[in-house]
Amino acid sequence: MSFSTTENTITTLQAAGATCKIHSHGATVISFQSANNKRENLFVSSIAKLDGSKAIRGGIPIVFPIFGPPASKESTMPQHGFCRVNPWKLTGTTEEEKAATATYELLFEDAVKGRGENNIWSKEEAEKNGLDCKLAYQVRLEAQCLTCTLTMSNTGKCAFPAQALLHTYFTIQAPQDTEKTFVEGLDNYTIVDKITKEQGHANKESKIVIVGEVDREYHPPAKNDCLTTNITDSGSKLTIQATAKDNNSNDIPVSCVVWNPGKDKAGATSDLDDNAYEHMMCVEPGILKPVTLEPGQSATFSQTITVNV
Ligand code: BG6
């Protein structure tokens, strides 16, 4: 097993017939093949930049401390925050009979890119207020599943609000085939459609299908301690489970974003092939309602992808 702390390196984990690869840039998982279906479950764009010059287009980029563009117009923090655009340090690997893990760390002082200006994370503001944080990330591989756990710790002198999301790109054989490909399990979630700007409720037992461009947030009903959603794709089935805990081990609600750029947006995205939308779909669990971390507090957010067939 490789163990390295150099920039732009890839760590390979193998366990019980499964394989996964993690790129140190953004601690981005870029490949996951389970023992039971041997196919690549994660989509990475054929023209993704892997040289550290931008976020990796595909795999599982980590989104923190903001999802989407900054809330304030003055802030120049880039969309989805700074985790996915900085190199993370590999701090350890383990190998057991049935599992292998890799752990990564990003100290705030090492997050030199993507903090922008005119926001609490900027160099100037953070130094003035004593804002500091540490991110730890564990990737655990087992025969049929991949578990990614992000721990966010406030190591500074002031509180900060945080969103966190695992922007997971799945390889899909026919995303726009609504008979063969659908997402289930988000019944009764509140939908915010970022394209039509409509809000509403998901119907019970409704299937989420991809028609053209789709960009929707699904927010959980009250007292929903675990997000469980299934992706069916031309006969194969993946289950995604995600939970989040605050400093006192209380559940933090987990939302989910479903995204496919569609033809036009894929064509307009420099690191996506024009036809990439026909091979991928993002199902992205995350803490979208910001959680406030006081000095000394931590929160964890974990996603497990299980390959059923
Ligand atoms: C999704 C957002 O999570 O990420 C979309 O909901 C966005 O609005 C997409 O277009 C891709 O974002 P980016 O910054 O990686 O191009």
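Biologist: Which residues lie nearest the centre of the second largest pocket, and how many residues line it?

Modeller: This is a predicted model. The lining of that second largest pocket comprises 15 residues, and Phe108, Glu109, Arg115, Lys123 and Glu127 lie nearest its centre. The space in this pocket is about 250 Å³. By class, its lining holds 5 nonpolar, 3 polar and 7 charged residues.

Biologist: What is the volume of the largest pocket?

Modeller: About 730 Å³. The largest pocket is lined by 37 residues, and those closest to its centre are Phe67, Gly68, Pro69, Gln79 and His80. Two or more lining residues come from each of β9 (160-166), β14 (214-219), β17 (255-260) and β18 (280-293). The largest share, 3 residues, is that of β9. The classes in this lining are 18 nonpolar, 10 polar and 9 charged.

Biologist: Which pocket is the space taken by the ligand?

Modeller: The ligand takes the space of the largest pocket.

Biologist: Where do side-chain N or O atoms lie relative to oxygen atoms of the ligand?

Modeller: For a polar contact, the pair of N or O atoms must be within 3.5 Å. In the side chain of Glu284, such an atom is 2.6 Å from a ligand oxygen. The corresponding distance is 2.8 Å for Arg84 and 2.9 Å for Gln79. As for cover, the ligand on its own has 390 Å² of accessible area, and the protein covers 85% of that.

How values were computed: Residues numbered from 1 in each chain as written. Predicted model: local features only at pLDDT ≥ 70, side-chain atom pairs only at ≥ 80, totals over all residues. Heavy atoms only, no water. Polar contact = N/O pair within 3.5 Å; in protein donor to acceptor, adjacent residues only side chain to side chain. Areas by Shrake-Rupley, 256 points an atom, 1.4 Å probe, with all protein chains shown as cover. 1 Å grid on protein atoms, 1.4 Å probe; cavity = no way out; pocket = protein on both sides within 12 Å on 5 of 7 lines; lining within 4 Å. Sits in = over half its atoms within 2 Å of the grid points. Points joined across faces, edges and corners; volume = space filled by probe spheres on them. Helix = DSSP H or I, 4+ residues; strand = E, 2+ residues; numbered from the N terminus. Nonpolar A, V, L, I, M, F, W, Y, C, P; charged D, E, K, R; others polar.
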